[in-house]
Amino acid sequence: MFDPVIAPSGTLLGLLQRGRGDGTLHALAAPRAEALAALNHCVLNDPRHDWQVENRSLYYARLYLDLHGGLDAIDHHLFRAEDHFDTEESRTGLALAVLGHLAAYGRHDALDLLRRYAATGANWAWALDELALRDDDTGLRALAVPVLARFPAGPEGDAALASVVRDAFEPRPWRLWADDPRPAVGARIRAAGEQGSFDRWQRQLRPSGPRPGWSVRAVFDWAQQALERGTEMHGPAARCLTAVAGPDDRPLIVEAARNGPDGARCAALHYLAEVRDPVVLDLIEAAAGGPDRTVADAAVAAFERMCVDEAVDRARGWVHRPDALGASAAGVLACRGGTKDTALVLGALREAVRSEGPDTQRLWTLVDGAGRLGIVCAAPVLRHVYRETASSHLRGRTARALAATDPSYATGFAVECLWDCEETTREVAALHAETGDVRVAERLRRLAADPAEEAEVQTAVRSRMGPDAAAR
């Protein structure tokens with residue numbers, strides 16, 4: 001999947017792509033045709049950089065409801081010829097998830113689209129998972145024959161079917177079909193389920209892949225061989241060392257961390273960091289400044305896992321380094337530093353935004369640190385990150401930091417956060433938004449009554465409401 005092109009944050013499309021609450025508010029105030037065009041663009045061209053940590057589907061589904069939007073654009077997108085050769089989930093996953101939410105809200109046209117796509121579409125398994133949560137038994141039973149037709153009778157088709165049944169995210173349709181009296185349906189599904197269970201048992205009984213021998217040197221050889229095959233096994237190798245290494249092995253491990261081959265060196269660094277060996281910080285500094293990128297990255301990762309006070313003290317000296325270890329040191333201070341580190345964390349936050357922009361990964365811990373340490377003078381840069389980042393997950397973390405640092409948050413960003421695409425952001429807003437704004441009181445009531453809303457959000461909403469359900 002290519003990185004999406006995100007429109008400027010001051011445009012309606014840019015707001016909707018980011019999933020900001022202001023996107024919904026602006027869409028409801030804009031001409032309906034313009035708002036629907038922007039909404040369809042977002043749903044048909046997934047704007048998320050990482051769909052595994054960012055939410056959009058409920059946000060877009062709610063806006064379809066508010067705009068009384070039709071589903072012709074989604075229909076055309078799902079059933080166009082491209083679906084037969086571009087089978088990546090990223091092309092249709094967001095649209096199917098939006099349809100799932102709309103079906104849960106009672107939109108029968110969305111339910112019909114999901115049924116049709118589950119029967120004929122390339123990403124049928126996603127559509128079937130959505131239906132498993134929303135459709136009735138009759139609708140699901142009608143899909144048994146078209147779904148099974150995807151798996152021709154024979155060894156290959158039966159093996160593929162067994163794999164799909166075994167790994168199904170939502171098992172309800174398969175359990176329903178297993179009770180079908182027709183031999184071509186029920187008997188075949190039951191046989192596939194039994195084969196999948198047998199395959200799982202075989203994998204557990206005879207795990208595949210190389211395993212290290214029972215000695216420190218054997219573990220180092222295993223880690224090196226894995227790296228040469230293109231697989232980094234530093235963490236598992238370090239855990240193996242914890243099981244096999246004794247006090248007499250320390251000189252060998254320290255030497256491997258200092259001068260060993262890359263795989264062994266990375267494993268040794270992780271192990272020494274895990275056991276809090278006093279020499280490891282010097283070894284990490286040397287490795288991070290070396291020419292080998294694999295070893296340098298492993299050294300930084302090992303340092304980030306250390307929770308001892310000595311690591312925090314060393315971070316204060318490393319935070320000004322212009323390399324990955326300096327960035328990591330800033331993150332350590334943000335997560336585990338004290339009030340005396342506020343200037344260092346603030347400086348790292350400003351520098352990260354200035355040099356790398358509002359979407360860099362290192363901002364996640366720095367934003368959290370600004371909130372944890374209550375750095376009030378960080379509010380201006382946090383507001384900039386909130387407005388500009390394309391990551392709704394980072395924006396949510398920024399909203400939490402603003403709640404702790406910005407006195408204007410309750411009457412400002414917290415209001416729009418009640419319409420945000422991320423449930424954690426809505427939860428923070430529900431706890432802090434100033435209810436003197438009439439929009440806030442009405443929105444809290446709607447969130448409390450919405451069956452699709454997350455339980456944590458509704459708990460936060462109800463903490464702000466009196467016995468008569470009037471927001472206070």
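Biologist: Let's begin with H68: does H68 count as buried or exposed?
Modeller: Keep in mind that this is a predicted model. H68 is found in the loop between α4 and α5, and its phi is positive, about 50°, although H68 is not a glycine. The cut-off for exposed is over 50% relative accessible area. H68 has a relative accessibility of 64%, so it counts as exposed.

Biologist: And R276, what is its relative accessible area?
Modeller: R276 lies in the loop between α17 and α18. Its phi is positive too, near 60°, in a residue other than glycine. R276 is exposed, and its relative accessible area is 54%.

Biologist: Now R265: which side chain of opposite charge is nearest to R265?
Modeller: R265 lies in helix α17, residues 262-274. Setting aside neighbours within four places in sequence, R265 touches A256, A257, R258, G260, A287 and V295. A salt bridge needs the charged atoms within 4 Å. R265 is buried yet has no salt bridge, and the nearest side chain of opposite charge, 5.6 Å away, is D262.

Biologist: Last one, helix α8: which helices do the buried residues of α8 pack against?
Modeller: Helix α8 covers residues 124-134, and its buried residues are W124, W126, A127, L128, E130, L131 and A132. For packing, look for heavy atoms within 4.5 Å. The partners of those buried α8 residues are α6, α7, α9, α10, α11 and α12.

Definitions and conventions
Residues are numbered from 1 along each chain as its sequence is written. This is a predicted model: local features need pLDDT of at least 70, side-chain atom pairs count only at pLDDT 80 or more; totals for chains, interfaces and linings use all residues. Side-chain values use heavy atoms; hydrogens and water are left out. Buried means under 20% relative accessible area, exposed over 50%, partly exposed in between (1.4 Å probe, protein chains only). Helices (H or I, at least four residues) and strands (E, at least two) are DSSP runs, numbered from the N terminus. Lys and Arg count as positive and Asp and Glu as negative; His and the chain ends are not counted.
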